[in-house]
Every structure is written in C-alpha cells, then in structure tokens.
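Morning, everyone. I have one structure to walk you through, and I'll keep it quick. Please have a look at it first.

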Amino acid sequence: MSDEFISGAQMIAKVFKSISASDIEQNSKIHKAWEETVSKISGNGEKLAAHSSIVDLKNGILLVECDHPGWSQMLQLHKKFILTGLNRLSGGVKIDSLAFRVKGSGVSLANPEEIAKRAVEKYAKKIEEEQQRLEEMGYVNKPAAAGGEGVQGQEGGAGQLPPELNAIFERIKKGAAKKEETK
C-alpha cells in the first residue's frame, strides 16, 4: 500500500523538476522590476503595485491582473513609463506591451498557433456551409469530380466551376486538411 502514496517532498520535487533555475531567476527579476517601476508612479504608485500582479509573459506581452478595472485603467495611463522601467530593470527580458485583466476573469494570453488553428477551422467550416448552401439553392450539384453535374446552366459540357475557382477552393481545402492533420 505504501507504493500508492508519495510524500509531500516527492510531489514538490516532481512539480519543480521541469522548472529551471534560470526561469525562476528571470521570473523573480520581472516581478521585482514590476514592483519597483509601478511603485515609482507619482500619486498612487504604492497602491497600484498592491492591487496588481504579473500573471504571464508571452511573445513580449506582459499580462497583468488587477483587483478592479479602475486599477488597470490607471496602469494603462502610465504604460509607457512602466514599459521603460521594466525593460531597464528586468535583466535583458524584452517586454513590448502590457495586457490587463480583472482578477477572476480567467483571460489569458493565447498561443499564436492555437489562434491560427481556430481560424483555419472557422474558414473551413464556412466553406463547407457555403458549398452546402449553393447546392441547396441549385447552383451547384455534386462536384463534377464526384460524378455530379457541377454548376447548372454553365456552358462547357459538364458545367463545372471555372478552373481558377476550383484551384482556389482546392488550395483552401488542402490548407485546412494540413492544419487538421497537425492537431
């Protein structure tokens, strides 16, 4: 039965095994730079620092969480000052922009690959829906390649779409299929 349980120390060691010392040091520098920079804002600096915290850093965008939307607005007013201070004090970490969220909202910085994947899926679905709508309206029957008639009433025998449109649709379908395969 002792094989089913691990000690707290073993659990912590497993969790922190994948985190490198340089990542921890970089994280610490950014947090110190945030506290120091925001505290220097005249008037409400100490309060701004107390009501905000760093959540994430991706692609040069620092995500900051605030207790209330008012604090994020005040930080936004001092964005240029904050970015300058962070880039001077963070030890070589380049921060290009700030993004804000209100505590508890769950907003996060999206992965660019995930955004691209969702866009491809969205447009592939739109193409399918448009193709179906055209078929229902009688403009397009089954594709000629599948033994159907193609576009009704068009000269040229089989009544297919013009070759340049077919080529465009095929490129879009292939791109969507490739993105689907990489999931």
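Let's start with a question: is Gly92 buried or exposed? Gly92 is exposed, because its relative accessible area is 73%. Here is the scale: buried means under 20% relative accessible area, exposed means over 50%, and partly exposed is in between, with a 1.4 Å probe and protein chains only.

Two ground rules before we go on. This is a predicted model, so local features need pLDDT of at least 70 and side-chain atom pairs count only at pLDDT 80 or more, while totals for chains, interfaces and linings use all residues. Residues are numbered from 1 along each chain as its sequence is written, and side-chain values use heavy atoms, with hydrogens and water left out.

Now the overview. The protein chain has 7 helices and 3 strands. Helices (H or I, at least four residues) and strands (E, at least two) are DSSP runs, numbered from the N terminus. Along the sequence, the pattern reads α-α-α-β-β-α-α-β-α-α. Of the 183 residues in the protein chain, 21% are buried. Next, contacts, meaning heavy atoms within 4.5 Å. Take those between residues at least 6 apart in sequence: 52% of them join residues at least 24 apart.

Back to Gly92. Where is Gly92 placed? Gly92 lies in the loop between α5 and β3, and β3 covers 97-102. Gly92 and Gln26 are 66 residues apart in sequence, yet 9.1 Å apart in space, C-alpha to C-alpha. Gly91 is in the loop between α5 and β3 too. Gly91 counts as exposed because its relative accessibility is 52%.

Next, a helix pair. Helix α2 is residues 21-39, and helix α5 is residues 79-89. They pack at an angle of about 140 degrees, and their axes are 9 Å apart. So α2 is oblique to α5. The axes are lines fitted to C-alpha atoms, for helices over the stretch in contact, and the angles run from 0 to 180 degrees between N-to-C directions. As for the angle classes, under 35 degrees is roughly parallel, over 145 roughly antiparallel, 65 to 115 roughly perpendicular, and the rest oblique.

Which hand does the crossing of α2 and α5 have? The crossing is right-handed.

Who meets whom? From α2 come Lys29, Ile30, Ala33, Trp34, Glu36, Thr37 and Val38. From α5 come Phe81, Ile82, Gly85, Leu86 and Leu89. By type, the residues of this contact are 8 nonpolar, 2 polar and 2 charged. Nonpolar covers Ala, Val, Leu, Ile, Met, Phe, Trp, Tyr, Cys and Pro; charged covers Asp, Glu, Lys and Arg; the others, Gly among them, are polar.

Let's zoom in on three of these. Thr37 sits in helix α2. Thr37 counts as buried because its relative accessibility is 2%. Beyond four places in sequence, Thr37 touches Phe81, Ile82, Gly85, Leu86 and Leu89.

Val38 is in helix α2 as well. At 0% relative accessibility, Val38 counts as buried. Not counting residues up to four places away, Val38 touches Gly45, Leu48, Ala49, Leu75 and Ile82. The C-alpha atoms of Val38 and Phe81 are 8.7 Å apart, across 43 residues of chain.

Phe81 belongs to helix α5. Phe81 is partly exposed, at 41% relative accessible area. Leaving aside neighbours within four places, Phe81 is in contact with Thr37, Lys40 and Ile41.

On to a strand. Ser52 is in strand β1, residues 52-58. At 6% relative accessibility, Ser52 counts as buried. What does the side chain of Ser52 make a polar contact with? The partner is the side chain of Trp34, at 3.3 Å. A polar contact is a pair of N or O atoms within 3.5 Å; within protein, one must be able to donate a hydrogen and the other to accept it, and residues adjacent in sequence count only if both atoms are side-chain atoms. The side chain of Ser52 also reaches the backbone oxygen of Leu48, at 2.6 Å.

Last stop, Asn59. Asn59 is in the loop between β1 and β2, with β2 at 61-66. At 58% relative accessibility, Asn59 counts as exposed. Its phi is near 50 degrees, a positive value in a residue other than glycine. Most residues other than glycine have a negative phi.

Key:
A crossing is left-handed if the near helix is turned anticlockwise from the far one by less than a right angle, and right-handed if clockwise.
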